[in-house]
Amino acid sequence: MGASVDRTTFDRLVLDQLPAAHRFAIRLTGDPDAAEEVVQDALLRASRGWRTFRGESAFRTWLFQVVVNSFRDHRSARAVAAGRGAGDGLPDDLPDSRPDARPPLERASEAEQGERVARLVSSLPPRQREVLVLHAYEGLSPAEIAAVLGLSDSNVRANLSFARQRMRELLADRIEGERHERSSTPGTDVR
Amino acid sequence: MNDLPRQEPTSDEAGSDARLDALLATARWPEPSPESERRLREAWGRLGDRRRKTRWYIGPVAAVAAAVLIGVFVWRAIVTETREPVVQTNPIRQALPVTTTKSVERPPRMSVPWRPPTVWEAALVAREPTSRHGLASRPVVAAAGAGLIGRVKEAVDAVAANPDEVAVVAAQFSKADVGRLERRLAQDILSERSAPRRKAQVLLLAELCTARSAPLLASLAAEPELRPQALAGLERVGDVPTLTALASGARDDGERRRLLAALLRREPAHAVPVFLAFLQDGATEDAALAALDDVKNPPVDALFARLNDPRAGTRLAAARAIGKVDGPAVTARLAWMLRHNVNRREALAALAASDGAEAKQLFQWALESKELGAAARAARQSL
């Protein structure tokens, strides 16, 4: 865009990107209700600071930045309310890393598996979660993620690597199970 | 963290990455509900409206302020020009008084923090107005008053002898007598020395009183031996703020439950938000849920209206309350909401919170449904 936008255009841009921001907040929080509160707060901030959007970056990136800030404050507020120190770097709920005791064929259905993966992503440590969601689900490049989160490019890559490693550990039972199934199928070589 | 060496992935890791990507792609978060999207759009609209209104206000306010400032400057200029020069007739200059922190007399404190009225203050409010206007001196009124005093005394004696008969005793008084009767009882309660008679007086007052006696009953509730009787009266006539304050400071869950049930019988627009706040508090939620059982006609419409509240906690509390109320009409309404995708998450939470057979059946169907399964599981987890 290159130039600052007027308020009417800004209103239209917000309404266009609102569903995307809402979905992004759901992925960050893992909870639609908390996500709604985060987006409400983000809208308030956007309304107050709309002049800070100068059109130098994509509007979606700018709005995601506002949502991430609201999400961080929301977490801090929750941590304080829960009697913990804010910014402890720990996820709200520790992911369920226990291996699934059931045999693979009897495991959860596809939908349940999708919910489990979503739950695990939403319970990663906050920074890793933000990076993974922006990269894997919002399709942002590391440079764009760095702009949204206010990090360096190398920091984004390191956090992405840690997040993927963590997810690999958490989903080890599924990954191993699939590899085992593939290797037992004739004509399939996973290596 | 910034300078971590990046190693080339082995073939095993590459395969693992591909499988991880495939698994990550299956992630399914709950979709935003149409209601939440509508609420967010409305919130954005309200923010725009407020900004536009502010802009409308700022113009006239700035103009008025500017006019006032200009007026003040002009006036000062005129006054300065027309003022007579001051002629100092006394050349002796007087020393200015020395002001120290010790010499400054502190002004008396004019405001005091709020407190509930004392028994005497409450009685003063409820005192007999006829004496102020001299009506008591009229023979007819005085005779009627004397008759009432005797009847009140007899009634109190009867209640003191048999507290269970208080309703029968109270029925002997007509509605026309109630105003004078409660004033009489208020005076007697303050002057009575005998504890059993005082208890009987409060019991009778609680049975007959109007909202006018609520402040007196609220202050009597602070006396442990009179608290049950006073609370019985307040359950009938206490307003929402009084009942809220009493329920907050209730001494046990049973007492809180009775007060919250009384709260649910008040004007739903005021009572339901307060009730839902109690339901969201872990210390009072059990009493609040139990109170719903004690109300014959719970404010179902007001509870359903709260499913649209912008605060997630309030919506969930309303869903829990609706689930507790249950009943075929409620279940049918929730089924309609599921069918038409209106507050689906909240409707599912209400069904999950319900103990009714129909509601359980409907929730089970939702759990097994491909479309609603994820939302149903999320709703169950949120409770």
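## The interface between chain B and chain A

Across the interface of chain B and chain A the rule finds 6 salt bridges, a salt bridge being a side-chain nitrogen of Lys or Arg within 4 Å of a carboxyl oxygen of Asp or Glu. The structure is a predicted model, in which local features need pLDDT of at least 70 and side-chain atom pairs count only at pLDDT 80 or more, while totals for chains, interfaces and linings use all residues. Residues are numbered from 1 along each chain as its sequence is written, chains are lettered from A in the order in which they are written, and side-chain values use heavy atoms, with hydrogens and water left out.

| Chain A residue | Chain B residue | Closest N and O atoms |
|---|---|---|
| A:Arg164 | B:Asp21 | 2.8 Å |
| A:Asp33 | B:Arg345 | 3.0 Å |

Because A:Asp33 lies in helix H2 (residues 32–48) of chain A and B:Arg345 in helix H17 (residues 344–353) of chain B, this pair joins two chains; helices are DSSP runs of H or I with at least four residues, numbered from the N terminus. Over all chains, the count of salt bridges comes to 35.

The contact, meaning heavy atoms within 4.5 Å, takes 35 residues from chain B and 51 residues from chain A. About 4400 Å² is buried between the two chains, and carbon and sulfur atoms give 60% of that area, where buried area is the accessible area (1.4 Å probe) that two parts lose on being put together, summed over both. In chain B, the residues that lose the most area to chain A are B:Arg19, B:Trp29 and B:Trp44, which together account for 21% of what that side buries.
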